[in-house]
Amino acid sequence: MKIASRTLGRAALATLVVATTALTRPFQTETARRKPTRHALLIGCTEYPELAKAFDRATYEQRIRLAGPANDVESIREVLTTRFGFATDPRDAASEITVLSGWPADAAARPTAANIRAALDRLAVLDTRAELVFVFFAGHGSQVPDRDGDEPDGLDEALMPADVRTIEANARGEIPNALTDDELGRRLEAIAKHTDKLVFVADACHSGSTLRGAPFGVRTRNLAPELLGVDVPHTRGAQGGDERPTRADGRALANVVCLYGAKSYQLAPELALPAQSDGALPHGVFTFALASELHDAKADLSWRELYSRLVCRYRVLWNAASPDIEGSLDSAVFGTGFVAPEIRLRQDKNELVLEGGALHDLTNGDVLAYFDPDAPKETRTPLGYVTIEKAGLSISTCKPCDAEGRAATTAKLTKRYPTSLVQRSVGASSLPIAVVDGDGKALPREAWPEEWKRLFEPASDDAAQRRQALFPLATSLTEARCIVHVDDGVVALEPFGGAGTVPRFTLSSSSAGALDDGLRSIARVQALLRFVDARIARPLDERVRIACEVDGGAGFAPLQSGATFVPGAPVRMTIENRSGADQFVFLFLVDGSYGVTQIFPTGMSDGGVFDFHPNAKVEASDGPIVSKDDVRFDDSTSGNEYLLAIVIPAAGAKSVPNLDFLAGAKLRAVRKPSSEMEQVLLDLCDGGGVTRGITSKGAALNDASMGLIAWRTSWGNVGLRGTPRLVVPAAAQPDGARVRELPSPVPDPWAVGETVAWTATTETPDALVLCATDDAALPEAQRRRWLLIDVDGDSKWPTAEAERSAWLARGGFDAELALYFAPERDLACYDLDGEHGFDRVLVDRDGDRLADEQFELRNGVWTTTANPNKPWLQTSAFDDGALREAATKKLRRLMVE
């Protein structure tokens, strides 16, 4: 469906814009003399008692009740108190944190609509002007019909307090006790008038769809409107999968920052985190990533920089939706006066407890030294060492060890001891798998292909043991990190992190070799992303500057993590060594299909080319190295993509590093790695981390550094803008423009239109596109329409207007690509063989931009494939390179910003 606003909706953001005008006015003298204060309102909705009464227990437990929001509130509260010094004692009148979470016995502490409204109202009438107001919501989101006409898609987004109810029979489509974006905007406007900085965070779904059969035990924070009795309009219209929202008047939101767990048309997931940990608890993926980044925040970190890091960390946990942000992004996160506290170790009865965990980038197997708390920091020496046995969110249990992590004993500890990390555990590099049949049920091992059985049989050779350790068989679907689907001889892989929201990947064959290669590709990428996210290597900084720029139509501009650009956009990369020492630099493109391509130093070839020089060493005397040709990514691997940069100091390397195995090349002959970084990466990709364990001492990485830039390549809003219209009489509608008949469920593109709009100019005569619409009496967003695109440019539009109707009627217009938009479904029709007729049709029924059905003409017969798991719009479907390029150029012209 078409969403033209961010998560809170245009109305809410518009009121925030209005609100911030007051922030630029001089304070009154009396107010200016008062001491600034900080306030946080943390809301977590797990239980929905009114809905529990309205539905059977199974429906309530499976589709409504949440487990993560209460944990999210605790994560954010812990960050605010320990990292930023917020006072939190609810018995203290000076407390700066108000918590409305769960369904406690104290009715005043419940996250009901009345309590939330009252808390927001109190923040709008503070006696003293606030330095900061932080409002956080975790729970369900939904959509309701727009009543005041400010939403182009006809829908308001709404947050669901704990006492939300289904609508009454005579209601106007409103959900009782829901907080719409319009209402929330008005209340935030009132708060913004009394604070120097307003930060609003929402970790909730704002989409009307559900996960497509996710088997990984993931919950989404979306209450489907129909579940609540709301009949929302379907208004997908002529638009694509990635929203490009704008504020109501385009102005910046001064002194206001808004962060959202998912874009307004996406789902916000929750799952057990830290992943694959004994201490995992349900959390919103967005909140978990945000809390982790806030814990790592330095005093000068801006919201823009934090968001860039947040996107990368989020994608490691969940490779589907993306968080969103807007507002005063260049301001410092929570000011500049905070100091990171030391992580302390203490004895709690018979347990050693570390006051740190996953939020502090700590995990099982990490080794920490502890010190005398009374000794001067600059002269203190370790009293002993501990290794983390069970890492929790902010509290972990430990056991004594020596400096290498080997078991040891220690005397009972009597104080709270400061600690320092001395050895990092890279973590598991395994990819637990499960094999299922076409119905999604576990496929018994005896039903596997024979060569698959041999692949997983116990073996004595080292390579087989590593492979089996790398791909252990999961005991259940929820424990798997990759599902192997076997349906009528066709094998497809579904990696964790997409959970049905990204395409499955079909293997070229069902052979053991194809399976092994496919699983290795997924395991390699997931291990690399986890490794970067663990911050074991030093993050990239200005010592070696890696710049990635994209031309969105107005010239090249830096590509920020979290951005979306359309296929075919020119991309340029620059490497600049500012360190004063020689460095080995490696750049890899990680695409949306789990492919890894090394683009520096060797470069790509043919078509999409990063023509860098062939040497990995970038000397201190080298100037900036710029890709010679602008590269254009097509949509064959569209989706979440990354640039992975690895920098290894030349002075610390024993030889020239060789990292080609990261790109899937065959493992090279045995030789000593040039550095510990190379050895760690080799273990990650080859299963050595499972059989031998991977640990790293910070100094031993030779000051190597790693970093990610994460973006999304996808077609956005497609449609015609302000084109002239030509009325074509029904009798003159084209009748012979196609040779082949379409399958019966697919509408005829030439039988839809009452009017035809055309685009053809003397400057770009090859940009010929026809737009046919029907139901002229319907609102614009609810009409059905066709976009018929002459990709190869062989249709010559008659110069004389009087000739055009007859020209159309006799089949003068030849379309190789036709897009159909309607409330109930969208279609893309392709003429792949150029024989003047469509031979493939992809159907998207739920608006997630993935095809739910495919029709394909084979030997004169239309065949049907359910859930082909591919994007519905993909110019790379054309085998002919010239057609692919032409289709990409034309669609880029049709993009609606």
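**View 1. Where helix H5 meets helix H8.** Asp72, Ser75, Ile76, Glu78, Val79, Thr82 and Arg83 of H5 are in contact (heavy atoms within 4.5 Å) with Thr287, Leu290, Ala291, Leu294, His295 and Asp296 of H8. Sorted by type, the residues of this contact are five nonpolar, four polar and four charged; Ala, Val, Leu, Ile, Met, Phe, Trp, Tyr, Cys and Pro count as nonpolar, Asp, Glu, Lys and Arg as charged, and the others, Gly among them, as polar. This is a predicted model, in which local features need pLDDT of at least 70 and side-chain atom pairs pLDDT 80 or more, while totals for chains, interfaces and linings use all residues. Residues are numbered from 1 along each chain as its sequence is written, and side-chain values use heavy atoms, leaving out hydrogens and water.

**View 2. The axes of H5 and H8.** Helix H5 (residues 69-83) packs against helix H8 (residues 285-296) at about 10 degrees, and their axes lie 9 Å apart. The two helices are therefore roughly parallel (angles under 35 degrees) to each other.

**View 3. Helix H13 and Cys685.** In H13 (residues 676-686), ten of the eleven residues are buried, meaning under 20% relative accessible area with a 1.4 Å probe, protein chains only. Among them are Met677, Val680, Leu684 and Cys685. Cys685 has 12% relative accessibility, so it counts as buried. Beyond residues up to four places away in sequence, Cys685 touches Leu470, Arg520, Arg524, Phe661 and Leu662. Ala523 is 162 residues from Cys685 in sequence, yet their C-alpha atoms are 7.3 Å apart.

**View 4. Ser322 in its loop.** Look for Ser322 between helix H9 (303-317) and strand S12 (324-327). Ser322 is buried, at 5% relative accessible area. Its C-alpha atom is 8.6 Å from that of Phe286, 36 residues away along the chain.

Note on methods:
Buried means under 20% relative accessible area, exposed over 50%, partly exposed in between (1.4 Å probe, protein chains only). Helices (H or I, at least four residues) and strands (E, at least two) are DSSP runs, numbered from the N terminus. Axes are lines fitted to C-alpha atoms, for helices over the stretch in contact, and angles run from 0 to 180 degrees between N-to-C directions. Angles under 35 degrees count as roughly parallel, over 145 as roughly antiparallel, 65 to 115 as roughly perpendicular and the rest as oblique.
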